[in-house]
Amino acid sequence: MALTGASDPSGEAEADSGEKPFLLRALQIALVVSLYWVTSISMVFLNKYLLDSPSLQLDAPIFVTFYQCVVTVVLCKGLSALATCCPGTVDFPALRLDLRVARSVLPLSVVFIGMITFNNLCLKYVGVAFYNVGRSLTTVFNVLLSYLLLKQTTSLYALLTCGIIIGGFWLGVDQEGAEGTLSLLGTVFGVLASLCVSLNAIYTKKVLPAVDNSIWRLTFYNNINACVLFLPLLLLLGELRTLWSFAHLGSAHFWGMMTLGGLFGFAIGYVTGLQIKFTSPLTHNVSGTAKACFQTVLAVLYYEETKSFLWWTSNLMVLGGSSAYTWVRGWEMKKVQEDPSPREDEKSTVGV
């Protein structure tokens, strides 16, 4: 398994499926999906520990996010150097800081900063069990922004699935409030994180040509820009003073957990691409939905929480709506491929 910047894995996957026995391929897929689940769930629980642990008592979410960006930059540079010094060891693009490229990526980096910061702020103020519901409006924002920015219409069936997601979100917020565990601030941060995730996906397509369509180069420049832009925020929000008086500032355990969080943040991009390569984008989305369900159950058990029937219903509505949207979009894309030139009278009934 090699680290790649930008590749088209579909051809490789088809070639592999033709050469390798079914059992071996099934084992590979199981291992890759398991790796994705372990990395993603571990990252969420570890970030929750760093952001809101009673034992740490560190109130510096911007610094935690900043440090994870630093770790990502170091890893990108290290893998690039390794690929240059030892060809064949890893397949990683050469990275050289170009200020002109950094400036062209800067608008996306601002959205990227909002995405990772609001994600961490949401996780700081809400429980892990509610985390998926709190950030569940990403699909809805995808549909809305695709229409507003790209003038792309959405089918009625897809809109109905978005309605299910919105209903699940509001029911989840209502039930959190009924149980006395609702954080309004955390919920607002979750909505903003969903908005930034959608914007990030849209603007990534526009910026990729500036980095030779390499996801790893884009990751490098995004995190470089983020490190620079986070510095004034650390000063303005007083987090440097908070760090100065932090009791565990000299603890090897604390810095080990911080570095591990950065490693997971870097690894999630790789294992996501790996899962898509060995399965398909549709299977990846289904796997992500199943992972979110398992993560919610695990969080309720780990933190020994008791949830109502309607609370669980809200989670099922969000996960079911997300899965249905993925299925509907996949079905529509397949239909377009089979009939790429629909009649004019059909076009008016497809888009809403």
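How much of the chain over residues 28–309 is helix, and how much is strand? Over that stretch, 79% is helix and 0% is strand, with helices (H or I, at least four residues) and strands (E, at least two) taken as DSSP runs numbered from the N terminus. This is a predicted model, where local features need pLDDT of at least 70, side-chain atom pairs count only at pLDDT 80 or more, and totals for chains, interfaces and linings use all residues. Residues are numbered from 1 along each chain as its sequence is written, and side-chain values use heavy atoms, leaving out hydrogens and water.

**The annotated stretch**
- An unreviewed UniProt entry lists residues 28–309 as "domain: Sugar phosphate transporter"; such annotations may be inferred rather than shown by experiment.
- The end C-alpha atoms of residues 28–309 sit 37 Å apart.

**Helices α2 and α4**
- The axes (lines fitted to C-alpha atoms over the stretch in contact, with angles from 0 to 180 degrees between N-to-C directions) of α2 (residues 22–52) and α4 (residues 99–125) come within 9 Å and cross at roughly 75°.
- That makes α2 roughly perpendicular to α4 (65 to 115 degrees).
- On the α2 side, V44, N47, K48, L51 and D52 make the contact (heavy atoms within 4.5 Å) with N120, L123 and K124 of α4.

**Helices α12 and α13**
- The axes of α12 (residues 281–302) and α13 (residues 309–338) also come within 9 Å, crossing at roughly 170°.
- These two are therefore roughly antiparallel to each other (over 145 degrees).
- Residues making this contact include L282 and N285 of α12, plus W311, W312 and W327 of α13.

Methods
Parallel < 35°, antiparallel > 145°, perpendicular 65-115°, else oblique.
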